[in-house]
Every structure is written in C-alpha cells, then in structure tokens.
Amino acid sequence: MTPDFLLGLDPSERHLIFSDCEGYESVLFSDQVITHLSKSDFIVEMHDFISPGVSDKLLKRFELTHSVQLIKSIDDVFRYREISNPEIINIPIPDQINILAEKRPTQMEWIFCEARKLV
C-alpha cells in the first residue's frame with residue numbers, strides 16, 4: 001500500500017481503511033491522503049515502539065476531518081480479568097496469563113477515525 005494508491009481512491013465514496021503497516025503509518029497517512037479521503041473511515045494500528053510519537057502525530061492529522069477515538073490494548077498480565085469463558089476462568093491465573101498473552105513488545109494502540117463530512 002502506498003499513499004499514491006490511497007490518493008487514487010474515489011474521494012466521493014466512503015471507504016473503510018484498515019491499516020497495520022508496522023511503522024509506516026506517518027508516511028501512508030499524510031495530510032494529503034487524509035484530506036482526500038475525508039469521507040472515509042480509518043482503523044489504524046499504531047506502532048510507537050517502531051516510530052516514536054506516531055500516535056500523537058496522526059491524532060492531530062485526523063482531528064481536522066474525523067472524529068478520532070484512541071483504543072488501547074490490555075496488558076498481557078491483566079487480560080485474564082476480561083475473560084468470562086468458564087473453561088479459562090477455572091485455570092490458575094498464571095496459566096491464564098500464558099494462554100491469553102499476545103507477547104507484543106509493548107501495549108498497543110489503535111485509532112478509529114470516523115469521517116465527519118459525509119455529504
């Protein structure tokens with residue numbers, strides 16, 4: 001995926017762009033791309049551990065044209081607290097943590113950007 005591909009999408013259409021691009025977010029979602037796709041919605045996984053500050057940068061870029069919500073992952077150590085599956089609840093907590101762990105390098109964040117301008 002490249003910015004040029006996104007700029008080639010019809011801006012009069014409403015698209016859903018889902019991105020997990022391992023640190024390429026600030027290049028892919030330039031001001032030009034965001035403005036061009038102001039009628040589209042985005043879900044972008046942030047990779048601040050690869051590109052420090054990328055979440056803050058993109059939050060500011062998208063705020064001009066989109067309603068933006070930041071979503072944070074649950075740390076592996078505490079994920080068991082969110083489980084209601086009886087088959088997992090009855091397992092000792094250390095084993096639950098191992099079973100449920102995603103083993104990511106850090107807590108992850110996503111931004112959900114919903115288009116404001118739909119006319």
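To start with, is phenylalanine 78 buried, partly exposed or exposed?

Modeller: Happy to! Please keep in mind that this is a predicted model. Phenylalanine 78 is partly exposed, because its relative accessibility is 39% and that class lies between the under 20% of buried residues and the over 50% of exposed ones. You will find phenylalanine 78 in the loop that runs between strand E3 (66–72) and helix H5 (86–89). Together with Ile74 and Val77, Phe78 makes up a nonpolar patch on the surface, and the three share about 230 Å² of accessible area.

Strand E3 also brings us to a charged pair. Lysine 72, in strand E3, is joined to glutamate 109 of strand E4 (residues 109–115), 37 residues apart, by a salt bridge with an N to O distance of 3.6 Å. Lysine 72 itself counts as exposed, at 51% relative accessibility.

Across the whole structure there are 7 salt bridges. One of them pairs aspartate 31 with arginine 61 at 3.8 Å, N to O. Aspartate 31 sits in helix H3 (residues 31–36) and arginine 61 in helix H4 (residues 54–63), so this contact ties together parts 30 residues apart in sequence. In another, the side chains of arginine 104 and glutamate 102 meet at 2.8 Å, N to O. Arginine 104 is partly exposed at 37%, and glutamate 102 is partly exposed at 43%.

Definitions and conventions
Residues are numbered from 1 along each chain as its sequence is written. This is a predicted model: local features need pLDDT of at least 70, side-chain atom pairs count only at pLDDT 80 or more; totals for chains, interfaces and linings use all residues. Side-chain values use heavy atoms; hydrogens and water are left out. Patches are made of residues with over 30% relative accessible area and no salt bridge: like charges are joined within 9 Å, nonpolar side chains (Val, Leu, Ile, Met, Phe, Trp, Tyr) within 5 Å. Accessible areas come from the Shrake-Rupley method with a 1.4 Å probe; for residues, only the protein chains shown count as cover. A salt bridge is a side-chain nitrogen of Lys or Arg within 4 Å of a carboxyl oxygen of Asp or Glu. Helices (H or I, at least four residues) and strands (E, at least two) are DSSP runs, numbered from the N terminus. Buried means under 20% relative accessible area, exposed over 50%, partly exposed in between (1.4 Å probe, protein chains only).
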